[in-house]
Amino acid sequence: MNFVSLQYAVFLCAILFVYWRMGRSQQHLLLLVASYGFYACWNWQFLSLILISSLTDFIVGAKIYRAQTPTARRNWLIVTLIINFSILGYFKYANFFIDSARDLLHGLGFDSHFGSLDILLPVGISFYTFQSISYSIDIYRRELTPTHRLIDFLMFVAFFPQLVAGPIVRAREFLFQMSTPRVFAWNNMQTGVQLILTGLVKKAVIADTLAIHLVDPIFAQPEQFATSTLWLGAIAYAVQIYCDFSGYSNIAIGSALLFGFHLPENFRFPYLAKNFSDFWTRWHITMSRFFRDYVYIPLGGNRRGPTRNLLNLASTTVVSGLWHGAAWTFVLWGIVHGLLLIGQRTLALRLRSIAPLIVKFVLFQVLLVLTWVLFRAGTIALAFDYIMALFTFQNGESIETSALIWFCFGLFVIDHLYGLHPQ
């Protein structure tokens, strides 16, 4: 079931109509059934994966909390990490590693006859796996007390507004809301509907229009287009991916608010960022903080000297890239962002003294657009060819830009102008 569909609108309204006529325990059960039904519309067979992940962390979380020794706590944490990452690794990354190994063997001159596995990627598996794991990790760190209500935990993991596209919500942000009385409030309804409508505009109007009329045709055959058109396509994709991701987040946050639940902010006008560090505090915020708290800080963060800090930073962005997708283009995207963050930190003082703010801002925006080319291109070779053509004045075709396309760009600008005046 797609957020941008009449089916979702009917589904949401039907659940809301019943929801506010129930007691709190009945509301939780209704949302759990609705969430599993929502996911079953994608593929009912993968409901078992959500249940396995949820039950694993519900049981292991309690075991960690009651464990008498640090070793026992650590062993139980290892159990849930192995189970969850094994499921995620098989469904999302098995073919990536198989194909990479086969290509490596071919490159070394060896014949390999093993093929890819016939695996269908479950929708939202990265999001609900991370949410479920964070529960056990937070209990292990003594930052959270486990819940004793199974239905509440199952609903936390499977809550349908953020199940397939985020935001990534932590248990300590969500579970306490389930034990807090929720009262119907028109302010929440108004804000929720506004968020849903803005999300629909971002996704269905801006992102989809730019994808169909500019991004998809240009990236499909970049060798056919002139350099100016390639730049237009790259910029259009930067706008598209923001409106796509943030549009889904707006719909998710707005839908949750209609039920009285507050989900964390996920995008904060990222193209107003001054540099890459600032960008990562504005872009996919819940994902960024997940990798900060569960990858960067456990690796040592900035506590083990400048060199180790830079290595930890680069490692975190690489993991972030691989989380986005099982392809070397995403890995390279993460590597490049890591290198740019390292370069920003090591050159910060020099750039501050020799370059005015507007120059640094424009340079950052250009570099950011180039990294999005890596993210969008199907292969690393195509990405490099595209980027090279941006700076070699390639002759070729152009794409007619209709008033609708410029209208979409205008809506994007208006969206970010609003960010200049935070409420």
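**Exercise 1.** Decide whether Trp-280 is buried or exposed.

*Solution.* Start with the cut-offs: buried means under 20% relative accessible area, exposed over 50%, partly exposed in between (1.4 Å probe, protein chains only). Trp-280 has 15% relative accessibility, so Trp-280 counts as buried. Phe-279, at 0%, counts as buried too.

The model is predicted: local features need pLDDT of at least 70, side-chain atom pairs count only at pLDDT 80 or more, and totals for chains, interfaces and linings use all residues. Residues are numbered from 1 along each chain as its sequence is written, and side-chain values use heavy atoms, with hydrogens and water left out.

**Exercise 2.** Classify the ring pair of Phe-279 and Trp-280.

*Solution.* Take the rule. Rings of Phe, Tyr and Trp (its six-membered ring) pair if their centres lie within 6.5 Å; planes under 30 degrees apart count as stacked, over 60 as edge-to-face and the rest as tilted. The count comes to 55 aromatic pairs. For Phe-279 and Trp-280, the centres are 5.5 Å apart and the planes stand at 80 degrees, so this pair is edge-to-face.
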